[in-house]
Every structure is written in C-alpha cells, then in structure tokens.
Amino acid sequence: MIGVFDSGFGGLTILRDLQKSLPDYDFLYLGDNARAPYGSRSFETIYRYTLESVRELFKRGCPLVILACNTASARALRSIQQQVLPVEFPDRRVLGIVRPTAEEIGNFSRTGHIGIFATAGTVSSKSYLIEIEQFFPNLKVTQHACPMWVPIVECGERGTEGARFFVKKEVEALLREDPEIDTVLLACTHYPLLEAEIRSALPPRVRLVFQGDIVASKTVDYLKRHPEMDSRLSRGGKTSFLTSDTSKFFEKGAFLFGMKDISAESLTF
C-alpha cells in the first residue's frame with residue numbers, strides 16, 4: 001500500500017486526488033487526530049509524532065509514505081529522509097508535499113507575483129519561501145495566515161455567511177499586501193473545501209492552485225521514474241484508514257471531507 005499521513009483530516013484532500021490519479025493502487029491513510037493540530041507544537045515534538053506515524057505505516061507494509069501534511073513536510077521530512085531512512089529503512093521512501101508544490105508553482109503565474117494561504121505554523125516555518133526560492137528566485141511570494149479557515153471546515157460551517165465573511169476578509173488582506181498577485185496557492189490541505197467561498201472572493205484574474213493536483217501528478221511521475229518502487233505497490237483499488245483517536249470520531253470528521261461509508265481502525269502510540 002501507499003501510506004498517506006496527516007496530523008488530522010486535511011490530508012484526506014490529498015488522498016482524494018491520489019486516488020483519482022492512481023485508481024488501481026491501494027492506500028493506507030493514518031490521521032494522528034488525537035494529537036492534532038501540529039502547527040503550534042515544537043520542532044522536536046512534530047518530528048517525533050511524524051516519525052512514530054511513519055514507522056507505523058512501514059510496519060503495516062507501506063514501502064512508500066507520503067506526508068500529506070504541510071507542517072510535517074516542513075519540519076520533519078528532511079530529518080527522516082537523511083537520518084532515519086538510510087540507517088533503518090534503506091528500502092523505504094518518504095515524500096512530502098512542500099517541495100513538489102514549490103517545483104511547479106511559479107509556472108502558473110504571468111506577473112511573477114503569487115500569494116500563499118496557509119496556517120500560521122506553515123507561514124512561520126518559511127518552508128515555502130525557502131523551497132520556492134530554489135526553483136523561482138525571481139518570484140515574489142506573499143504568505144498569509146488564515147487562522148479561522150480550518151475551524152470553519154472542521155465545524156461544518158462551509159457555505160455559511162460566517163464562512164464567506166472570514167474568507168473574504170483574508171482574501172482582501174492578501175491582495176492589499178500585493179495587488180499584482182495573479183496566482184494563489186492553497187497551502188493547507190483543509191482549504192480546498194472552501195473553494196466556493198475563495199473563488200467568490202478572488203477577482204476573476206487570479207488563478208487558484210490546489211496542492212493535491214500537483215502532489216498527485218508528481219507521485220505518478222515519481223512511480224514512472226522508480227519502477228523498482230512501483231513494482232512493490234499492490235493494486236486492488238482499496239483504501240484503509242487508521243486514526244489515533246476513536247473510530248467514531250474519525251469517521252464523523254471524514255464525512256465532512258467527502259469520505260462516506262468508511263470504517264477506521266483506532267490505534268494508540
């Protein structure tokens with residue numbers, strides 16, 4: 001199976017796009033819901049939690065794990081790739097979602113000005129600024145944190161007047177910072193669920209870019225370039241779910257992300 005990890009529910013939007021691009025493959029999703037959110041935690045804690053989850057997915061037979069979490073990708077991925085895999089799991093691979101996005105985002109802009117909507121933790125980590133600089137050094141990047149957007153999604157408030165108000169407020173604040181922005185990246189896996197509200201608030205000239213589309217495309221490309229990994233992945237079109245919280249809690253929350261009639265296994269770290 002391809003392992004997909006997130007600190008909570010947001011990674012389900014990445015999983016959905018992976019399923020669309022790789023419909024024959026099997027996936028195992030792990031949401032560390034009991035310890036979410038990760039954004040406000042220390043680097044050491046995020047690394048420890050992420051590594052524990054990666055080990056669990058390895059133990060359950062996943063040779064490839066995708067960190068479908070911006071915080072984990074920004075703060076734990078590199079250490080796991082460089083310090084843990086070569087020593088303990090030389091035949092396993094862990095991929096993130098920040099770098100694949102950074103490799104492509106500049107190609108969407110005509111003005112050379114892009115905006116990034118993200119959580120406060122991702123913004124403060126400056127991971128996107130660092131990664132994008134490597135590929136598009138002349139791109140002007142403006143980050144903007146949207147603290148209310150995740151609660152809106154997880155409380156089932158999409159489509160309400162309150163949701164439209166808070167989305168419009170942040171969109172206008174971003175465009176005031178740089179009126180030349182013509183491309184906006186949603187760098188939080190919850191934010192695609194607010195697509196209708198975001199599109200309504202954005203001027204028609206501004207392009208909206210979704211991380212899941214890029215990550216799915218890059219994963220397909222990775223497997224083509226690494227047939228030795230591709231050959232190890234099972235193809236039954238099945239997806240299983242793990243959570244560090246109760247099964248009932250996960251199944252109820254996953255419903256808000258379009259995952260219906262699923263059953264999750266509860267685990268304890």
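These legends describe close-up views of a predicted model. Local features need pLDDT of at least 70, side-chain atom pairs count only at pLDDT 80 or more, and totals for chains, interfaces and linings use all residues. Residues are numbered from 1 along each chain as its sequence is written, and side-chain values use heavy atoms, with hydrogens and water left out.

**View 1. An open sheet of four parallel strands.**
The strand order is E6-E5-E7-E8. Strands (E, at least two residues) and helices (H or I, at least four) are DSSP runs, numbered from the N terminus. Two strands pair if DSSP finds at least two bridges between them. E6 (140–145) and E8 (207–210) are the edge strands; each has a single partner, so one side of each lacks a neighbour in the sheet. From one strand to the next, the twist averages 25°. Angles run from 0 to 180 degrees between N-to-C directions; axes are lines fitted to C-alpha atoms, for helices over the stretch in contact.

**View 2. The pairing of E5 with E6.**
E5 covers residues 113–118. Six bridges link E5 to E6 in the parallel sense. Phe 117 stands opposite His 144 of E6.

**View 3. Helices H7 and H9 on the sheet.**
H7 (residues 127–135) touches E5, E6 and E7 (183–186). Contact means heavy atoms within 4.5 Å. The direction of H7 makes about 165° with that of E6. H9 (residues 161–177) lies across E5, E6 and E7. H9 runs at about 150° to E6.

A salt bridge is a side-chain nitrogen of Lys or Arg within 4 Å of a carboxyl oxygen of Asp or Glu. By this rule the model has 18 salt bridges.

**View 4. H2 packed against H4.**
H2 spans residues 43–59 and H4 residues 77–88. Their axes are 12 Å apart, at an angle of about 40°. The two helices are therefore oblique to each other. Angles under 35 degrees count as roughly parallel, over 145 as roughly antiparallel, 65 to 115 as roughly perpendicular and the rest as oblique. The crossing of H2 past H4 is right-handed. In that sense the near helix is turned clockwise from the far one by less than a right angle; anticlockwise is left-handed. H2 contributes residues including Phe 43, Tyr 47 and Phe 58, and H4 contributes residues including Ile 80, Val 84 and Glu 88. The contact residues divide into eight nonpolar, three polar and two charged. Ala, Val, Leu, Ile, Met, Phe, Trp, Tyr, Cys and Pro count as nonpolar, Asp, Glu, Lys and Arg as charged, and the others, Gly among them, as polar.

**View 5. H5 crossing H7.**
The axes of H5 (residues 98–105) and H7 come within 8 Å and cross at roughly 45°. This pair is therefore oblique. H5 passes H7 in a right-handed crossing. Among the contact residues are Val 98 and Ile 105 of H5, with Tyr 128 and Phe 135 of H7. The contact divides into six nonpolar, three polar and three charged residues.

Most residues other than glycine have a negative phi, and most peptide bonds are trans. Ala 36 and Pro 37 are joined by a cis peptide bond, with omega about 0°. Lys 126 has a positive phi of about 60°. Asp 261 has a positive phi near 55°.
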